[in-house]
Amino acid sequence: MLFFKNKNKKFVLIHGTAEEVREQLLKDGFSLSVVQNALWRASGNEVAVTCYKSLKLLVQGKNCDSFVEKYIKVFKKRICREVVVKSGNCGTFTNLHVTSG
């Protein structure tokens, strides 16, 4: 029997860019919903992308890796750093430091 584990990726957005990311996802056919303690959640293509008030962007779902591969170039100038998720524990940051521009 095969088990498929949903994957998670976390990023921290640069201040003032959450709406740009939301608008891009809307253009690409994602649907929006309201989530407690979040600015917005976009769902589509077997992923859910939640932007929290802290500007953390959480990507969850079966197609998490393909979403990140596709959108990392689109969002590159909007991401400050990636948060590494290990066994459900968050808090270790990688060196994905991108300056705004």
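## Overall layout

What pattern does the chain follow, read along the sequence? The order is β-α-β-β-β-β-α-β-β, made up of two helices and seven strands. Helices (H or I, at least four residues) and strands (E, at least two) are DSSP runs, numbered from the N terminus.

This is a predicted model, in which local features need pLDDT of at least 70 and side-chain atom pairs count only at pLDDT 80 or more, while totals for chains, interfaces and linings use all residues. Residues are numbered from 1 along each chain as its sequence is written, and side-chain values use heavy atoms, with hydrogens and water left out.

## Confidence

The pLDDT is the predictor's confidence in each residue, from 0 to 100. Its mean over the chain is 78, and 74% of the residues reach 70 or more. Over residues 86-101 the pLDDT is below 50, although this stretch has 34 contacts in the model beyond near neighbours in sequence. A contact means heavy atoms within 4.5 Å. Where pLDDT is low, the predicted coordinates should not be read in detail.

## Strand pairing

Two strands pair if DSSP finds at least two bridges between them. Strand β5 (residues 56-61) runs antiparallel to strand β1 (residues 7-13), and six bridges join them. Here G61 of β5 stands opposite K7.

Strand β5 also pairs with β4 (residues 47-52), again in the antiparallel sense, over five bridges. One of the residues involved is Q60 in β5, the bridge partner of A48. Three residues lie between β4 and β5 in this hairpin, and L55 in the turn has a positive phi of about 70 degrees.

T50 lies in strand β4. This residue counts as buried because its relative accessibility is 0%; buried means under 20% relative accessible area, exposed over 50%, and partly exposed in between (1.4 Å probe, protein chains only).

Leaving out residues up to four places away in sequence, T50 touches A38, W40, R41, K56, L57 and L58. With R41 there is also a side-chain polar contact of 2.9 Å. A polar contact is a pair of N or O atoms within 3.5 Å; within protein, one must be able to donate a hydrogen and the other to accept it, and residues adjacent in sequence count only if both atoms are side-chain atoms.

## Cysteines and burial

C51 is buried, at 0% relative accessibility, and C64 is buried at 0% as well. The chain has zero disulfides, a disulfide being a pair of cysteine sulfur atoms within 2.5 Å. Of the 101 residues of the chain, 36% count as buried.
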